[in-house]
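The report below describes one protein chain for a reader who is new to structural work. Please look through the sequence and the model first, and then follow the text from the strands to the chain as a whole.

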Amino acid sequence: MKSAFPEVTKISYEGPSSKNALAFKHYDPAKVIENRTMAEHLRFSVAYWHTFRNVLGDPFGIGTAIRPWDDGSNSVENACNRARVAFEFIEKLGAPFYAFHDRDVAPEGASLAETNRNLDAVVKVLKEEQERTGTKLLWATANLFTHPRFLHGAATSPNADVFVYAAAQVKKAIEVAHELGAAGYTFWGGREGYSSLWNTDMKRELEHLAKFLHMAVDYKKQIGFQGTFYIEPKPKEPTKHQYDSDAAACLNFLREYGLLEDFKLNLETNHATLAGHSMQHECEVAAAAGALGSLDANVGDELLGWDTDQFPTNIYLTTQLMLTVLKMGGFTSGGLNFDAKVRRESFEPVDLFYAHIGAMDALARGLKNASAIRADGRLAELLNGRYASWKTGIGAAIEAGKEDFNSLDKHALSNPDPIQHTSGHQELLESIVNEFI
Ligand code: XUL
Ligand code: CO
């Protein structure tokens, strides 16, 4: 096959002083940090939909991307050819993983049966290419939001036949994930929400969603798929309100319907922004529940009103992310998936390399910074110091479950009023972090 990126050879690590745009300055896959190599910590994944299917349109303008290998048709042949190009890219970049929606990789046919056959034909190529290059599938998912049949939702559609169709589609997508040895499977409910509460029976829709996910868990067990199931929170876009609105809402839903054991969360920075949270907040909420599974590494733009999905380059953000990831002991099945697209103005094929290299370096720097902050210890010391009163005396007794309101009342009456106990030292902590950025 003709090379799609003849001007690019395998991207290698050249170190921080390199000025080569097609080299890593910080991502040194074999370098060991806190007992794992950088490649093992970061588990980078290329998102098929943005890197190989996005034509780079925006709500006001048509696509601009130049992709000479793609004939623009919906043929299976074009899809198979595109898959081979995707693996040339992933191999040259040196990302160990990729991720896709069923409809990114293969075209929809005239019937569900034909659509499934199209998918099987492309999956055959994906499997060959995975074996040829050693690339693995971080997660797969089903696109239950693009086709008009899903306009009112999929598992939460008011139409039972749409629920049935979506179940069949997800069943097939889980089989494909299993066939390709995926480390996970993601549920992002793009249209599982509402545009108007006047026409929505919210309780009923949530119950349907829970039923749908229980059936997916049962099927996963039936076929022996070992990958992790993830829910990806997002508050809106395309719906006005999405039920999986943020990490806390997802955890509450999973707990309420007895699904918490079978799911972790796949958090995305841009979705945290849309929810009015920082990504650090979302990561801490999920990690505290033991449910931080995987991350969609991107950023939104606080000055634009839509989901811009930019590549992450902010070192402050990547340092925060990697601090939480290191604190939880690293990823298990999850990783850092670049759910990100190059700008409409960055339309050349080589921009795909520049974008991924820049983001991989930004996250590698985040990892190095986070590890250095942990080794320094001042941040942890100040944080622990803030809770010192819980280590001994009345604090330790409360934590051990030995106190009640009567004993605490007695304690409060016989001790001084605890005013002005400890400073938060926020500015000091922020400057300490900056020493490492
Ligand atoms: C959409 C989004 C999706 C999911 C997978 O905002 O993030 O691409 O990651 O369906
Ligand atoms: Co995403």
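Which residue in β12 is the bridge partner of F229? The bridge partner of F229 in β12 is F263. Before going further, note that this is a predicted model, in which local features need pLDDT of at least 70 and side-chain atom pairs count only at pLDDT 80 or more, while totals for chains, interfaces and linings use all residues. Residues are numbered from 1 along each chain as its sequence is written, chains are lettered from A and ligands numbered from 1 in the order in which they are written, and side-chain values use heavy atoms, with hydrogens and water left out.

Helices (H or I, at least four residues) and strands (E, at least two) are DSSP runs, numbered from the N terminus, and two strands pair if DSSP finds at least two bridges between them. Strand β10 covers residues 228–231, with T228 and Y230 pointing one way and F229 and I231 the other way, and all of these are buried. Here buried means under 20% relative accessible area, exposed over 50%, and partly exposed in between, with a 1.4 Å probe and protein chains only. Strand β8 runs parallel to β10 and is joined to it by 4 bridges, and G184 has T228 as its bridge partner in β10. Strand β12 (residues 263–268) is also parallel to β10, with 3 bridges between them.

Strand β6 (residues 97–101) is largely enclosed by the rest of the structure, because 5 of its 5 residues are buried. F97, A99 and H101 lie on one side and Y98 and F100 on the other, so that both faces are covered. S45 stands opposite F97 in β6, and H101 has T141 as its bridge partner in β7.

| Strand pair | Sense | Bridges |
|---|---|---|
| β8 and β10 | parallel | 4 bridges |
| β10 and β12 | parallel | 3 bridges |
| β5 and β6 | parallel | 3 bridges |
| β6 and β7 | parallel | 5 bridges |

**Two residues in helices**

V176 is found in helix α6 (residues 160–179), and V176 counts as buried because its relative accessible area is 4%. Contact means heavy atoms within 4.5 Å, and, leaving aside neighbours within four places in sequence, V176 is in contact with F100, L119 and V123. The C-alpha atoms of V176 and A21, which are 155 residues apart along the chain, are separated by 36 Å. E129 has its place in helix α5 (residues 112–133), and E129 is buried with a relative accessible area of 7%. With neighbours within four places in sequence again left aside, E129 is in contact with R84, F87 and G134.

**The chain as a whole**

The chain contains 16 helices and 14 strands, and buried residues make up 50% of its 437 residues. Among contacts between residues at least 6 apart in sequence, 76% join residues at least 24 apart. Taken along the principal axes, the C-alpha atoms fill a box of roughly 80 × 60 × 45 Å.
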